[in-house]
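Colleague: I would like to go through this structure with you, one question at a time. Please show it first.

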Amino acid sequence: VRLHELGNRAALRADDVPDPRPGPGEVVLNLAAASVNFPDILMLDGKYQIRPKLPFILGKDGAGTIIAVGDGVEDLMPGDRVLFYVHYGAFAEKVVMPVSACSKLPVEVPFDVAAAMGVTFQTAWVALVSRAACKPGDRVLITGAAGGVGMACVALAKALGAGPILAGLTTLSKAPAVTAAGADHIIDMSRDDLRDTLPATVKAATGGSGIDIVIDVAGGGIFDACLRTLKFCGRIVVLGFTTGRIAEVKTNYLLLKNITVHGSSINSFYAQDLAAVRHGQTEMFRLHSEGKLAPHVHSRFPFEQVAQAIADVESRSVIGKVLLEV
């Protein structure tokens with residue numbers, strides 16, 4: 001599935017191209033399932049930090065079976081089942097990538113579960129564990145909790161023993177699915193008076209103690225309000241700015257409450273600390289095998305209906321993950 005013109009959804013189409021061949025240190029796999037992520041939408045419009053030369057194959061992660069390996073590849077072989085991440089190129093029947101982008105799948109993890117536990121769950125692990133040092137008993141507030149990353153954060157925080165977990169939503173009809181994923185309280189983030197009302201709402205939900213960790217994908221006024229809910233030595237992790245405004249922080253407020261603000265970019269971790277991502281993936285597969293962690297798959301589309309899958313994600317009607325299956 002290649003994009004031929006930025007910003008033009010009609011220019012996204014399935015093309016026949018030559019089968020890829022692995023270079024040194026690379027593998028080729030037959031795709032079984034891939035996930036649609038919000039960055040795919042940004043790449044369609046040329047708004048992502050990575051802008052490939054047109055035309056390019058869309059898609060960031062998926063799972064499948066290796067069919068060929070290049071020179072120097074020793075840890076993987078044809079027939080191995082893997083989860084993979086690429087900057088782009090996942091939406092193809094055959095995908096080529098560096099061996100470092102692959103993680104072997106445990107035998108008990110199906111391809112669809114693996115694809116749904118790729119980038120979004122890795123993002124959640126880095127935010128909650130690598131950056132915020134989440135531990136059992138931490139009180140956690142998650143904004144955008146019905147999205148792919150948000151649902152992953154809710155489920156992972158619950159699996160790690162955190163709680164209570166407060167889920168921020170702007171569409172309250174999504175509350176039942178988020179509660180089923182592990183949220184203990186639902187917070188209405190659509191209120192105009194959020195900055196004034198959120199601290200009291202959070203105190204009521206946490207027995208007056210406040211929040212240890214905020215995971216924020218929204219930015220803007222939602223970030224401003226969430227900052228005021230943090231207790232002494234609280235941590236807030238910045239994952240994005242879906243409201244469109246990048247929040248600014250007055251450092252005197254951080255000083256007075258000993259608050260820490262963390263940035264969290266999964267792309268930076270892929271480049272600088274891949275070992276942490278691999279460790280997190282192993283731990284999350286272990287939690288899944290123990291019945292403590294599972295992705296929420298909103299819908300599945302055959303590969304040929306990629307345009308509809310992307311449209312659903314873009315409409316923000318999705319709860320959890322959308323998958324493409326070959």
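Modeller: What follows is a set of questions and answers on strands, helices and backbone features of a predicted model.

Colleague: In β11, what is the bridge partner of L169?
Modeller: Strand β10 (residues 165–169) pairs with β11 in the parallel sense, over four bridges. Within this pairing, A167 has I186 as its partner. For L169, the bridge partner in β11 is D188.

Colleague: Which helix makes a β-α-β unit with β10 and β11?
Modeller: The two strands are parallel to each other. The unit that they make with the helix is right-handed. The helix, residues 175–181, is α5.

Colleague: How many bridges join β15 to β16?
Modeller: Strand β15 covers residues 297–302 and strand β16 covers residues 321–325, and the two run parallel. One of the pairs is P302 with E325 in β16. Together with helix α11 (residues 306–314), the strands make a right-handed β-α-β unit. The number of bridges that join β15 to β16 is five.

Colleague: Which residue in β6 is the bridge partner of D61?
Modeller: Strand β5 (residues 61–69) pairs with strand β3 (residues 26–36) in the antiparallel sense over eight bridges. In that pairing, V28 stands opposite A68 in β5. Strand β5 is also joined to strand β6 (residues 81–85) by five bridges, and these two run antiparallel. The partner of D61 in β6 is Y85.

Colleague: Is α3 oblique or roughly perpendicular to α4?
Modeller: Two packed helices are described by the angle between their axes and the distance between the axes. Helix α3 (residues 119–131) and helix α4 (residues 148–159) have axes 8 Å apart and pack at an angle of about 55°. That angle makes α3, relative to α4, oblique.

Colleague: How many nonpolar residues are in the contact of α3 with α4?
Modeller: The crossing of these two helices, α3 and α4, is right-handed. On the α3 side the contact is made by T120, F121, T123, A124, W125 and L128, and on the α4 side by G148, V149, A152, C153, L156 and A157. By class, three of the contact residues are polar and no charged residue is present, while the nonpolar residues number nine.

Colleague: What is α3 to α10, oblique or roughly perpendicular?
Modeller: The axes of α3 and helix α10 (residues 274–289) come within 9 Å. They cross at roughly 105°. Angles of 65 to 115 degrees count as roughly perpendicular. That makes α3, relative to α10, roughly perpendicular.

Colleague: How many charged residues does the contact of α3 with α10 have?
Modeller: From α3, the residues are F121, Q122, W125, V126 and S130. They meet A276, V277, H279, G280, Q281, E283 and M284 in α10. By class, the contact has six nonpolar and five polar residues, and the number of charged residues is one.

Colleague: What is omega for the cis peptide bond from G163 to P164?
Modeller: Most peptide bonds are trans. A cis bond joins L54 and P55, with omega about -10°, and P55 lies in the loop between α1 (38–44) and β4. P164 lies in the loop between α4 and β10. For the cis bond from G163 to P164, omega is near 0°.

Colleague: What is the phi of C233?
Modeller: Most residues other than glycine have a negative phi. C233 is found in strand β13 (residues 230–238). Although C233 is not a glycine, its phi is positive, at about 65°.

Notes: Residues are numbered from 1 along each chain as its sequence is written. This is a predicted model: local features need pLDDT of at least 70, side-chain atom pairs count only at pLDDT 80 or more; totals for chains, interfaces and linings use all residues. Side-chain values use heavy atoms; hydrogens and water are left out. Two strands pair if DSSP finds at least two bridges between them. A crossover is right-handed if, with the strands pointing away from the viewer, the path from the first strand over the helix to the second runs clockwise. Axes are lines fitted to C-alpha atoms, for helices over the stretch in contact, and angles run from 0 to 180 degrees between N-to-C directions. Angles under 35 degrees count as roughly parallel, over 145 as roughly antiparallel, 65 to 115 as roughly perpendicular and the rest as oblique. A crossing is left-handed if the near helix is turned anticlockwise from the far one by less than a right angle, and right-handed if clockwise. Contact means heavy atoms within 4.5 Å. Ala, Val, Leu, Ile, Met, Phe, Trp, Tyr, Cys and Pro count as nonpolar, Asp, Glu, Lys and Arg as charged, and the others, Gly among them, as polar.
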